[in-house]
Amino acid sequence: MTAVSRPARTRRLRVPGILIALVLAAVLPPTLGAAVLSDSNALLASAACAFAIAAISLNMLMGYAGQISLGQFAFVGVGAFTTGIVTSPEQLRLPWLAGLAASVVVGGLIAFLVGLPALRLRGLYLAVVTVSVAYVGWLSLFRVEAIGGGSAGKVTPNPYIGDEPITSDTGFLAIAAVLLILVWQVDVNLTRSRLGRAFQAVKADEQVAASFGIDVTRYKLLAFTISGAVAGIAGSIIGTAYGTVTASTFDYARSLLLVVIVVIGGLGSRWGVVSAAIFATLLPNTLVWIFGPGIRGLDLVINAALLMYTLAQHPGGFAGAIEHFVEKRRQRKGGAAPLPPTRPNLPALTRPVGMPAIPKTRAGTAVLTATGVSVRFGGLQAVDSASLRVDRGTIVGLMGPNGAGKTTMFNAITGALTPDTGRIELLGVDVSALPTHRRTALGMSRTFQLIGLAKGQSVYENLLIAQHLAAPYGVLSALTTIGPSRFYERDVRARADEVIDGLGFGRYRDTQVARLSHGQQRIVEIGCALVTSPELVMLDEPSAGMSPAAAEDLAATLRDMRDVLGRTILLIEHNVPLVLDVSDELYVMDAGRVIANGEPVEVVTRPEVVTAYLGVAPSREEARV
Amino acid sequence: MTTPLLEVRDITAGFGATTVLHGVSFDVPQGSIAGIFGLNGAGKSVTMKVLGGSVPARSGSVHFRGQDITKLSPEKRVAMGMGHVPQGRQVFPGLTVEENLRLGAYTLRRKDKKRYGPALNGVFDRFPILAQRRGQLAGTMSGGQQASLAVGRALINEPDLILVDEPSAGLSPVATLELDEVLQAVAHTGVTMVLVEQNIAFGLSLVDTAHLMQTGTVVHSGPVGELDDQTLATHLGIGRVLQAAAGSALAARQAPPVKKGSRARRPA
Amino acid sequence: MGQVLVLGLISGGIYALFALGVVMVHRGTGVLTFANGEVGTAGLFLAALLVDGWTIPVPFIDNPTLPALPWALGALAAVAFAALLGCLFEVLVVRRMGVSDPVAVAVATVGLALFLLASELQIFGESPKELAAPVTGGPTIFGVIVTPTQIAGLLLAIALGFGLQAVLRRTDFGLGILAAAQDPAAVRLVGVPLSRISLTIWGAGAALAAIAALLVEPTVGILYPGYASELYVVGLAAAVIGGLNSLPGAVVGGCVLGIAQSAATRYLSDLHLPGLHFVVVLVVLLVVMLGRQLLPELIKRMDTAPSRAAEVSA
């Protein structure tokens with residue numbers, strides 16, 4: 001179908017497209033006459049390119065990976081001064097390209113170092129650290145004589161290509177434009193790879209990301225490193241095009257302006273942030289051209305006011321506002337698409353080639369055993385030496401009133417939290433000490449009470465995120481699309497489409513998950529949990545928020561998962577008829593303890609279960625005991 | 001016929017893509033105690049939040065004392081005579097008992113400062129423990145004492161209606177007993193009350209009218225006296241197997257352990 | 001040694017004042033504001049204009065010139081203006097953002113900082129302005145002349161850090177502010193208007209920043225766009241070091257940073273490192289934050305290790 005052939009067609013078009021763009025970028029600026037492109041305009045255009053690259057770098061961090069940085073221009077500065085030091089005749093005297101490469105490496109390295117504490121810090125704390133980094137760069141590091149060249153500034157010599165030095169501003173513009181196109185392409189590759197998808201998942205919810213097998217720590221650090229490396233490129237361009245840069249070229253206000261630009265453009269939108277960056281660079285001169293020189297400086301005021309307006313009115317930024325508009329028009333024209341069925345046809349998938357095979361087990365042997373698990377939160381014993389066992393090819397229900405500790409038990413099994421005591425074995429392997437993403441790799445998957453999906457991404461992208469472990473290729477292959485990434489991407493994309501067809505979500509393939517109804521999101525989530533053919537599927541209240549009819553369909557779906565696909569299921573459920581209907585075995589928890597287990601219908605008639613569920617009227621005798 | 005104190009008509013509400021309430025309707029007459037029961041996820045707490053104003057209704061209306069309050073902010077509703085005992089008994093842990101009560105009387109003190117003194121004494125009379133511990137930080141008190149404080153904080157503002165959201169959650173049996181006494185005492189003041197309770201047997205012992213909820217709608221409304229085990233089991237969605245158990249919960253209601261005094265104050 | 005301490009406490013008092021504003025806004029609304037430094041600077045500029053005798057640029061008529069006002073009145077206007085900016089930001093931006101995440105609001109405050117900075121540059125240019133000190137002289141402690149504004153700064157910080165809570169408890173509205181910091185949802189359910197509390201907090205945080213800026217300015221005697229932001233960043237760090245929610249913690253954090261800076265200036269001057277002040281802030285900030293994060297984990301690991309071992313042997 002079209003969905004399958006589409007990527008192939010775009011690939012055929014894309015390769016020449018970028019080549020043509022690169023040739024044009026390299027050739028056009030120097031050949032255009034001075035009438036079209038004066039030297040001062042060329043310099044401005046170079047600055048716009050550098051700013052656009054810096055905006056892309058910050059967008060990688062804030063827009064994709066959700067890590068705030070208020071000090072991004074410090075990394076740009078690092079790039080500029082690195083190029084200066086490496087190419088300066090007084091210092092290292094290396095060729096310009098070596099300077100550029102060094103900027104990338106040093107920018108990435110310093111961002112990595114800043115990112116290290118960031119692993120432990122969230123949101124606002126990270127903002128404070130990065131603001132301090134901006135100040136340290138501006139007022140300390142870049143003012144060190146050997147780095148920033150003192151009050152005279154750092155002079156970057158003209159770059160050479162062959163023996164011919166490039167001296168004109170139009171020549172610098174050609175370099176800047178070529179680099180912008182390359183960075184743009186790298187960013188495109190990033191978002192289409194497992195790397196970009198992992199960033200998106202980390203941004204959406206770290207616990208959900210880990211449940212898809214994503215090593216959250218590693219990808220946060222990668223986001224910092226790649227973003228710093230790209231910022232280094234922007235710095236290298238600024239150093240080269242300006243010729244001389246001082247510490248104040250990279251002041252605190254620049255870092256703030258970059259944040260402003262990225263938010264106005266729309267976090268996560270490549271063309272949004274690039275156009276906002278170009279707009280912000282060209283705005284001062286345009287204003288002067290229209291209103292006269294008295295207006296200079298007002299551009300910052302305008303940008304800052306725009307940011308506050310954007311955040312108050314259109315949190316998605318400029319790009320988000322346009323998308324919203326387009327979406328509305330499409331809805332008005334075509335009307336609402338028909339709803340996908342709530343009774344999906346689950347596709348039988350084999351284990352992906354990229355993942356280790358699951359050890360063969362026979363029916364009746366334990367897939368999961370949890371022994372003596374205890375979790376304490378402050379003064380509350382949330383789980384109190386609870387044990388359970390899930391046999392291969394069965395559906396095991398886990399029920400209990402609110403606050404009984406079911407979800408905490410779930411989290412202890414998946415590794416989202418470390419129990420104080422207890423042992424978890426998955427397929428005979430002791431996983432007690434393993435983080436979530438390693439347990440996922442062994443053949444465990446789960447769904448969440450509040451839908452564990454990256455809600456800002458499409459159905460298709462979510463199915464790709466869920467196959468993170470099925471496409472084990474490296475960072476370089478991801479950024480260049482050379483090497484193993486092509487093979488693995490083809491495999492995971494085909495599976496994603498297969499699942500979408502099976503679920504009956506063809507029309508919703510590219511719809512943002514957040515726009516689907518709750519019941520539809522639940523089905524996509526189950527699809528994600530099944531796409532890597534895990535042995536054990538853990539479902540946390542799948543029927544929550546469903547209508548009774550949809551819950552009946554869900555029962556049939558669960559049985560299909562067991563009988564047709566041969567999956568093993570651990571199910572937390574509040575819907576008593578549903579859990580009695582589908583479970584082979586039932587565990588009941590109350591106040592952190594497993595109070596009963598066995599044949600479902602028999603278990604729920606036991607007095608202790610009844611008391612747990614319906615409560616007791618207070619009586620003085622009992623209270624005294 | 002007089003209009004009920006609280007009229008809830010066809011409320012829908014939810015979060016994001018999720019719709020939790022699909023058309024909830026019920027009335028609460030002056031002086032009665034209404035209970036909302038259901039299993040987890042039935043929409044009890046969201047219903048309470050819609051009544052209190054902290055979750056907006058997507059459609060439908062809420063009338064309080066004959067006025068449409070659907071779009072009013074929570075604080076305006078409190079000023080109109082609505083009181084809250086929030087879920088988990090949320091007292092302000094860093095404030096003392098007396099400060100909690102003073103804050104509870106916020107709108108009363110805005111209207112007439114002179115009424116605060118007697119109101120405070122009234123609460124202290126009803127809950128002597130609060131008078132003893134007036135200078136203690138609320139966060140350092142036991143669960144049962146916090147429950148008394150939460151109820152006292154709601155009563156001190158002299159409300160016409162009190163919304164009580166899952167008061168027994170997380171309480172020990174002893175504390176539940178204390179709570180029961182507190183709520184029984186409040187019931188006898190003639191104030192109108194809406195109670196949400198997870199512990200169904202406990203809740204049934206307190207209320208006059210039961211509204212049973214399942215998947216976001218009220219599936220049964222009626223006086224507690226007319227409930228039978230089958231109605232309870234069916235409408236709570238707990239399945240036939242738990243039917244017998246529902247019967248025993250009802251039996252507990254029919255022989256209330258600590259209920260004394262008549263409810264003659266209620267309009268016949 | 002004594003000198004290091006005195007110099008450290010002088011600047012520490014100012015950092016503490018900024019940090020108190022940070023903590024106040026964070027406790028009351030859950031947001032970190034990055035704008036209040038620049039809000040303080042904006043107030044200073046207004047004070048400088050008023051104290052100089054402001055020629056108000058009005059089109060079409062002769063620009064009227066106000067008489068030069070005494071420092072105290074200029075300062076009062078500065079504080080009022082800053083509070084107004086804080087309140088306007090709350091009404092026009094924060095309130096409209098609804099229930100969005102605190103990081104988004106923090107980014108909006110970045111916009112406000114840049115907006116004010118750019119406006120100041122536009123109106124006043126980059127060259128510094130002067131604002132004369134209200135009083136001069138002062139006692140000499142360990143060879144350091146300590147001016148009255150510096151003493152006032154430190155005392156005010158200590159008074160607010162350890163007394164603000166008690167003052168707030170005296171009024172119903174103040175009690176509401178304290179309660180809102182503990183549980184914003186429950187505050188609305190007892191009938192306290194949360195929106196007015198939020199407005200008050202934003203206004204008060206901004207006013208506090210202006211007071212801090214006014215008290216530190218006479219030490220240098222000049223002001224320029226971005227002036228107070230440089231100090232405010234240290235205040236942010238001090239608030240984080242103090243735990244972000246604790247008023248006394250903010251005061252301690254400010255003093256720790258002030259003393260660390262003066263010690264570094266005294267003992268590390270041989271490094272000839274420009275901007276040593278900020279390097280010190282970043283280092284202390286990282287050490288404290290990571291220490292606070294890692295210590296409990298280490299302790300837990302030490303606790304559980306023997307018990308695990310015991311289990312195995314049992």
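Trainee: Into which domains is chain A divided?

Mentor: The bounds come from an automatic or database domain assignment. The model is predicted, with local features requiring pLDDT of at least 70, side-chain atom pairs counting only at pLDDT 80 or more, and totals for chains, interfaces and linings using all residues. Residues are numbered from 1 along each chain as its sequence is written, and chains are lettered from A and ligands numbered from 1 in the order in which they are written. Chain A is divided into domain 1 (16-32 + 41-251) and domain 2 (366-456 + 512-624).

Trainee: Which helix gives the largest share of the side of domain 1 of chain A that touches domain 2 of chain A?

Mentor: The C-alpha centres of the two domains of chain A lie 46 Å apart, and their contact (C-beta atoms, placed from the backbone, within 7 Å) takes twelve residues from domain 1 and 14 residues from domain 2. On the domain 1 side, helix H8 (194-204) and helix H9 (206-211) of chain A give two or more residues; helices (H or I, at least four residues) and strands (E, at least two) are DSSP runs numbered from the N terminus. The largest share, four residues, comes from H9(A).

Trainee: How does the radius of gyration of chain A, with its 25 helices and 14 strands, stand against the globule rule, and what is its value?

Mentor: The radius is taken over C-alpha atoms, and the rule is 2.2 Å times the number of residues to the power 0.38. For 625 residues the rule gives 25 Å, and the value for chain A is close to this, so chain A is as compact as a globular protein of that length. The radius of gyration is 28 Å.

Trainee: What percentage of the residues in chain A is buried?

Mentor: A residue is buried if 20 or more other C-beta atoms lie within 10 Å of its own, exposed if 12 or fewer, and partly exposed in between, with C-beta atoms placed from the backbone. Among contacts in chain A with a separation of 6 or more, 77% join residues 24 or more positions apart. Of the 625 residues, the buried share is 54%.

Trainee: Which strands stand at the edges of the six-strand open sheet of chain A?

Mentor: Strands pair if DSSP finds at least two bridges between them. In chain A the order is E10-E11-E12-E7-E13-E14, with mixed pairing. Each edge strand has a single partner strand, so one side of each is left without a neighbour in the sheet; the two are E10 (444-446) and E14 (593-598) of chain A.

Trainee: Within E12(A), what is the bridge partner of A:Leu398?

Mentor: Strand E7 (residues 395-399) and strand E12 (residues 568-572) of chain A run parallel and are joined by four bridges. In E12(A), the partner of A:Leu398 is A:Ile572.

Trainee: Which helix of chain C gives the most to the side that touches chain A?

Mentor: In this interface, 40 residues of chain C are in contact with 37 residues of chain A. Helices H4 (102-124), H9 (227-241) and H11 (276-313) of chain C each supply at least two residues of that side. With 17 residues, the one that gives the most is H4(C).

Trainee: How many residues of the side of chain C that touches chain B come from H6(C)?

Mentor: Here 16 residues of chain C are in contact with 22 residues of chain B. Helix H6 (172-182) and helix H7 (184-189) of chain C each supply at least two residues of the chain C side. The largest share comes from H6(C), with six residues.

How values were computed. Contact = placed C-beta atoms within 7 Å.
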